[in-house]
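I opened the model and kept notes as I went. The entries follow in the order I looked things up.

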Amino acid sequence: MLNNKENLRPLDFKDFPGQEKIKERLKIFLSASKKRGESLDHCLFSGPPGLGKTTLAQIIAHHQGVGFRATTGPAIRRKGDLAALITTIQKGTVLFIDEIHRLLKDVEEYLYTAMEDFYIDVMTGEGLGAKSVRFKLPPFTLIGATTRIGLLNAPFRDRFGIVERLSYYDEESLKMIIKRSSLFLKVNIDEAGALEIAKRSRGTPRVANRLLKRIRDYMEVKNHKTLNQKLVSDGLSQLGIDEKGLTYMDKKILQLMQREFNSGPVGIDALASSLNEDTGTIEDVYEPFLVQQGFIQRSPKGRILTPEGKSYIKN
C-alpha cells in the first residue's frame with residue numbers, strides 16, 4: 001500500500017492542503033488524459049526538500065488507478081539498471097525518480113526514446129556477437145523530482161510535458177496538515193498548538209510532521225494529555241527551534257556572514273568551507289528558507305546578508 005500511518009502521506013488531493021494552483025492544473029491534466037484513455041504526460045516537480053513532490057506523484061498514481069514504482073537518481077548507476085526497472089512496468093504505471101538531476105548523462109539519454117516513443121534498445125551478447133534488441137514499452141508516466149532543476153540538461157528537461165515548481169506552504173495549510181497527522185498519530189492537539197508548530201515548520205510539511213512527532217515525545221514524558229501552545233513552544237525551544245523556525249545552523253550561517261565576511265557578498269564555496277558543510281546541503285536545505293524569509297539575498301557576486309538578517313542576529 002502507498003499510504004500508512006508512519007509516513008502520513010495522503011492519497012487524494014482533498015487531503016493535500018497547499019499548492020492550490022498546481023493541484024488545479026494537475027486535476028485538469030489528469031481528467032483530460034483519463035477521458036482520452038491515455039497515460040498522463042511526463043511530469044517534473046522541483047522545489048526545496050519536503051514540500052510534497054513524492055506525495056503528489058503517489059496521488060497521481062492513485063487518482064489514475066495505476067501502479068507506482070519509485071527509485072532515485074543515484075540508485076540507477078548504469079543503463080542496465082534502468083532497463084531492468086523500466087522493462088517490468090505495466091501499462092499506465094507511474095515511474096517516480098527522486099533526485100533525478102543526479103542521473104548519469106548516458107542513463108539520462110537512454111530515457112529519451114522511452115519517454116517519447118516508449119521503447120528502449122537493449123544490448124545482448126558480447127564482443128562480435130553483441131546485437132541491439134528493441135524492447136517495446138507500454139505507455140507510462142515518468143515523474144521526476146529535483147531540488148536543483150538547473151542541473152538537468154535542457155534536452156532532458158524539455159521532454160517533460162508538465163513542469164511545476166512547488167513553493168513553501170502558508171501557516172494555515174501547515175496547520176491543516178498537522179491536524180490531519182495528529183489523527184494518524186493519535187495525538188490530541190488544540191488549534192493554538194497546531195498553529196505554533198506551523199509557525200516553526202519552515203513552510204515545509206516534512207518539517208511539520210517531524211516536529212509533531214518530537215513534541216509528541218515531549219508531551220508523553222511530561223504526562224500531558226493535549227498539545228497546547230505553551231507545551232509546543234517549550235518543547236521546540238528545547239529542540240533549538242525559534243519562533244521563525246530557524247535552527248542552530250541557520251543562525252550560525254547568518255552570524256558567520258556578518259562576522260567573517262562583513263555581511264557579504266560571499267561565495268557558496270567559501271561559506272561552506274567556513275561552516276565545514278557540504279555546498280549542496282547549504283544550497284538545498286538552509287539557503288532557500290533564509291532567502292524566503294528575507295535574511296539572505298543572492299547576487300552575481302555571492303550571498304549578501306540583508307538588513308532584516310542583521311536585525312534578526314541582533315535580536
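**Surface first**

I looked up the accessible surface of the protein and got about 16,200 Å², with 49% of that belonging to carbon and sulfur atoms. The areas come from the Shrake-Rupley method with a 1.4 Å probe.

I noted the ground rules. This is a predicted model, where local features need pLDDT of at least 70, side-chain atom pairs count only at pLDDT 80 or more, and totals for chains, interfaces and linings use all residues. Residues are numbered from 1 along each chain as its sequence is written, and side-chain values use heavy atoms, leaving out hydrogens and water.

**Burial and layout**

I checked burial next: 47% of the 315 residues count as buried (under 20% relative accessible area, 1.4 Å probe, protein chains only). I counted 13 helices and nine strands (DSSP runs, H or I of at least four residues and E of at least two, numbered from the N terminus). The C-alpha atoms fill a box of roughly 70 × 45 × 35 Å along the principal axes.

**Charges**

I found 49 positive and 39 negative side chains. Lys and Arg count as positive, Asp and Glu as negative; His and the chain ends are not counted. The centres of the two sets lie 2 Å apart, with charges placed at NZ of Lys, CZ of Arg, CG of Asp or CD of Glu.

**Contacts**

I looked at contacts (heavy atoms within 4.5 Å). Among those between residues at least 6 apart in sequence, 68% join residues at least 24 apart.

Technical notes: Buried < 20%, exposed > 50% of the residue type's maximum accessible area, 1.4 Å probe, protein only.
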